[in-house]
Every structure is written in structure tokens, then in C-alpha cells.
Amino acid sequence: TTDQGYTNKEHSRSLFQGMNRKDDTDWSTQLNVMDTFPNKKKTIISIGFNADTTLQTVLNKIAKELGVADGKIKLPKDLKKVKFNNGVSLYGNAPKIINDLIRPYGLIYSLKNKALNIYSPTAGINDEVFIINSDTGLIDSPDKTDKGWAFRTLLYPNLFKGQYIKLDGISIKKELIIEKIRYRGDSSGNEWYTEIEGIEKK
């Protein structure tokens, strides 16, 4: 495995192919990596729960069956009391079961950094807001999209899909949830930035 990131919050990945190449006087290394939990999405579970088990308990158990922490399972207040009055038996692909359980409530999930995160797409995973402005790396002016806003920042390895951020530009001040994120880096040029698309937080 190899770690990526600039801080102590590194992200582990499994290295499955590497190549060194020399161009004139410059050496470069190309790495092809994959998630350290590539098989978790194929995990089959078979578990049962007694009557009056809460949705929260079920999700926590599935996380343990996947071999990951339960991360930040942010259920809305009105869902924390949701119970399976007659109990429930679950068998099949774990990620699909998770999706089937939470989709009726408008929630989504992600398996990231050894944790299961479940959250509302308009509420975000994190509680503390990350402020993005010209002082913290905002590049150029944000562009309006059909769903929200698109913009670029300096490279931030700790930004992730579902994160709650505050866009604090000269002409726009919005609270957003990151919907799409892409990192760009070119050792032979000046393209070192993060591309973000966010929807407004509700």
C-alpha cells in the first residue's frame, strides 16, 4: 500500500502497477492505484435483527460486517427513531442493502477512508464548515451551474464529496455541499488545483 496526502490525514491506496520513466534528463514515476477496500463493494452479508431494532443500529451493524468503522452516519432527527417493528432479516450485497435502506429517506452513502458515511446530499457529512476564499486558495470566480456552483481552488487533499463548505468569494457567498471533486496535478506544468462542483446547503 501507499499513502497520499500532505497532512497526517493520509489516504491509503493499494499499489498494483508502477513504472519509472526517463525523458531526457528528467525521471518520472507513474503509479496506478486502487482503493484499499476494493472488495468491500462485493461483500455479501446475512444478518437478522429482533423486533424494534432501530435503523441506526442496523446500519452500524452492516458497517461492522463490512469491516469498517461506522464513520458519520448522520440520520435526520425524525429518522433516528425509525424501527423495524417486526424485526428484519437481510441477505445480499452489503452496499446494495445500505442503499435500499436509506434511499426512501433521500439519503446517500459513501465508503471512504475505512468508514461508512451516510448523509443527506443537502446537509453534508462534516459538522465544521471549511471556508474557501481567496486567502484559502480560491482561484478565479465561481461559475453558476444548473445545480449550484463550480470553482477551482489550490490542491486540498482533505476535501471530499459530501463535505460541507462555505464559498466566500467577492461576488458570491454560499454554503455548499461538494457534489463532485477532481484533483489535477502536472509536474511539467502549472496545473495544480482542485475542481469542485457544489450544491447549495439546505
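# Strands, helices and threonines in a predicted model

User: Which residue of S9 stands opposite Tyr 109?
Analyst: This is a predicted model, in which local features need pLDDT of at least 70, side-chain atom pairs count only at pLDDT 80 or more, and totals for chains, interfaces and linings use all residues. Residues are numbered from 1 along each chain as its sequence is written, and side-chain values use heavy atoms, with hydrogens and water left out. Strand S8 (residues 108-112) and S9 run antiparallel and are joined by 5 bridges, where two strands pair if DSSP finds at least two bridges between them. The residue that stands opposite Tyr 109 in S9 is Ile 118.

User: How many residues of strand S9 are buried?
Analyst: A residue counts as buried under 20% relative accessible area, as exposed over 50%, and as partly exposed in between, using a 1.4 Å probe and protein chains only. Both faces of S9 are covered, with Ala 115, Asn 117 and Tyr 119 buried on one side and Leu 116 and Ile 118 buried on the other. S9 (residues 115-119) is therefore largely enclosed by the rest of the structure, the number of its residues that are buried being 5 of the 5.

User: How many helices and strands does the protein chain have?
Analyst: Helices (H or I, at least four residues) and strands (E, at least two) are DSSP runs, numbered from the N terminus. Counted in this way, the secondary structure of the protein chain comes to 2 helices and 15 strands.

User: Which strands stand at the edges of the sheet of 6 strands?
Analyst: The sheet is open, its pairing is mixed, and its strands follow the order S10-S13-S14-S15-S12-S11. Each of the two edge strands has a single partner strand, so one side of each is left without a neighbour in the sheet, and these strands are S10 (130-132) and S11 (138-144).

User: How many residues lie between S13 and S14 in their hairpin?
Analyst: S13 and strand S14 (residues 173-185) run antiparallel and are joined by 5 bridges. One of the facing pairs is Asp 168 with its bridge partner Lys 173 in S14. The two strands form a hairpin, and the number of residues between them is 4.

User: Which residue of S12 is the bridge partner of Leu 138?
Analyst: S11 and S12 run antiparallel, with 4 bridges joining them, and a hairpin through 3 residues connects S11 to S12. The bridge partner of Leu 138 in S12 is Thr 153.

User: Is Thr 153 buried or exposed?
Analyst: Thr 153 is found in strand S12 (residues 148-154). Leaving out residues up to four places away in sequence, Thr 153 touches several residues, including Ile 132, Leu 138, Leu 159 and Tyr 193, where a contact means heavy atoms within 4.5 Å. Because its relative accessibility is 0%, Thr 153 counts as buried.

User: What is the handedness of the crossing of H1 and H2?
Analyst: The axes of H1 and helix H2 (residues 94-102) come within 11 Å and cross at roughly 165°, where axes are lines fitted to C-alpha atoms, for helices over the stretch in contact, and angles run from 0 to 180 degrees between N-to-C directions. That makes H1 roughly antiparallel to H2, since angles over 145 degrees count as roughly antiparallel, under 35 as roughly parallel, 65 to 115 as roughly perpendicular and the rest as oblique. A crossing is left-handed if the near helix is turned anticlockwise from the far one by less than a right angle, and right-handed if clockwise. The crossing of H1 and H2 is left-handed.

User: Which residue's side chain makes a polar contact with the side chain of Thr 57?
Analyst: Thr 57 lies in helix H1 (residues 55-66), and at 40% relative accessibility it counts as partly exposed. A polar contact is a pair of N or O atoms within 3.5 Å; within protein, one must be able to donate a hydrogen and the other to accept it, and residues adjacent in sequence count only if both atoms are side-chain atoms. At 2.8 Å, the side chain of Thr 57 makes such a contact with the side chain of Thr 54.
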